[in-house]
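Welcome! Take a moment to look over the sequence and the structure, and then we can walk through them together.

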Amino acid sequence: MGWDRKRKGPAGGYFYLSVRTPAGVKKVYFGRRTAGHLAAAAVERRRQARLKVTTAIKTENAATAEADCLADELTVWADLLSAAWLTLTGHTYHRGEWRKPHG
Amino acid sequence: MGKKKQAPPPDAPKKKRHGTVESAREMVKLLTVRANEGHPEAVASVQKWLEAFPELKPECRALDELADKAVAAWAASVGFGDKLAEQAARDEAAKLKRELTGDNASLLDRVLASTVVVAHLAHTRAAVMAAQKADHPGIREARERVLSAAQKRLAAAVKAHRLLARKKGKGVRPKAKLKLFEPSVA
């Protein structure tokens, strides 16, 4: 996808777009004139929009990154202490459950 | 070679153990896994190791500090920069923790209660974020994924807390007193 420069063609190249179809990925030709430039602009607009979304998501996630780390560490300790307590009281972990064998 | 190992004198200092949080954590984890695999000696080892590890006492206090830090960080996140909302979240978290732990709570109870409180705050923030208008479907989907993860974390924390509470309610106690699980006395 993009401007494809041919060996004997114009320096700017020809614009192609890869389109996913049920039969497979097809390379659609737009040429080097208006159609090509319009298609290239549309692709760039979509790329910028995706980048904006990714940045927004990253910013939102970064706001809680430190709190997330603390929560993860606390969860690890809670799991560990619970497992130790249950093990010492005779429980065993079996198929996702803590059980106490009878007898 | 062939020499018999001499037993240390009774007043000899105890053998130096690994003192880092990571090694302590890994040791108990390893022994717990072995105990679950059906090695009875591993159960005794966990017990002895926890009792004979005085370095863990500061860790108990560090765990309380870690819990407080996590609650404070999430309360600030829930506040979204508003100090009043942050204080309200802190008060709510403190109330919830009191309800979950009660009086004379052990370290394990406090850590489990803090996990529930932190998960509740994280879920509150995720729910608020998911309810906000998103400029793009991608942002909305990302927020819904965060909310889904927060719901799972909250459910897991409540499940773990209830499991231990139920066991303790039935009178299940470790055979020997565990120093690690005693409330830390500063």
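Chain A is divided into domain 1, covering 1–63, and domain 2, covering 65–103. Please keep in mind that this is a predicted model. Taken over C-alpha atoms, the centres of domain 1 of chain A and domain 2 of chain A are separated by 50 Å.

Now let us turn to where the chains meet. The contact takes 27 residues from chain A and 38 residues from chain B. On the side of chain A that touches chain B, at least two residues each come from α1 (34–63), α2 (65–88) and β4 (92–94) of chain A. Of these, α2(A) gives the most, with 17 residues. Here is how the residues of that side of chain A divide by kind:

| Kind of residue, side of chain A that touches chain B | Number |
|---|---|
| Nonpolar | 18 residues |
| Polar | 6 residues |

In soluble globular proteins, nonpolar side chains tend to be buried together. Which residues have the most contacts inside the largest nonpolar core? They are Ala70(B), Val71(B), Trp74(B), Val111(B), Val118(B) and Leu121(B), in a core of 42 residues. This core draws at least two residues each from α2 of chain A and from α3 (56–79), α4 (83–101), α5 (107–131) and α6 (137–169) of chain B. Its largest share, 13 residues, comes from α5(B).

Not counting residues up to four places away in sequence, Leu121(B) touches Val71(B), Trp74(B), Ala75(B), Val78(B), Ala89(B) and Ala93(B).

Definitions and conventions. Residues are numbered from 1 along each chain as its sequence is written. Chains are lettered from A and ligands numbered from 1 in the order in which they are written. This is a predicted model: local features need pLDDT of at least 70, side-chain atom pairs count only at pLDDT 80 or more; totals for chains, interfaces and linings use all residues. Two residues are in contact if their C-beta atoms, placed from the backbone, lie within 7 Å. Helices (H or I, at least four residues) and strands (E, at least two) are DSSP runs, numbered from the N terminus. Ala, Val, Leu, Ile, Met, Phe, Trp, Tyr, Cys and Pro count as nonpolar, Asp, Glu, Lys and Arg as charged, and the others, Gly among them, as polar. Domain bounds come from an automatic or database domain assignment. A nonpolar core is a set of buried Ala, Val, Leu, Ile, Met, Phe, Trp, Tyr and Cys residues joined through C-beta atoms within 7 Å. A residue is buried if 20 or more other C-beta atoms lie within 10 Å of its own, exposed if 12 or fewer, and partly exposed in between; C-beta atoms are placed from the backbone.
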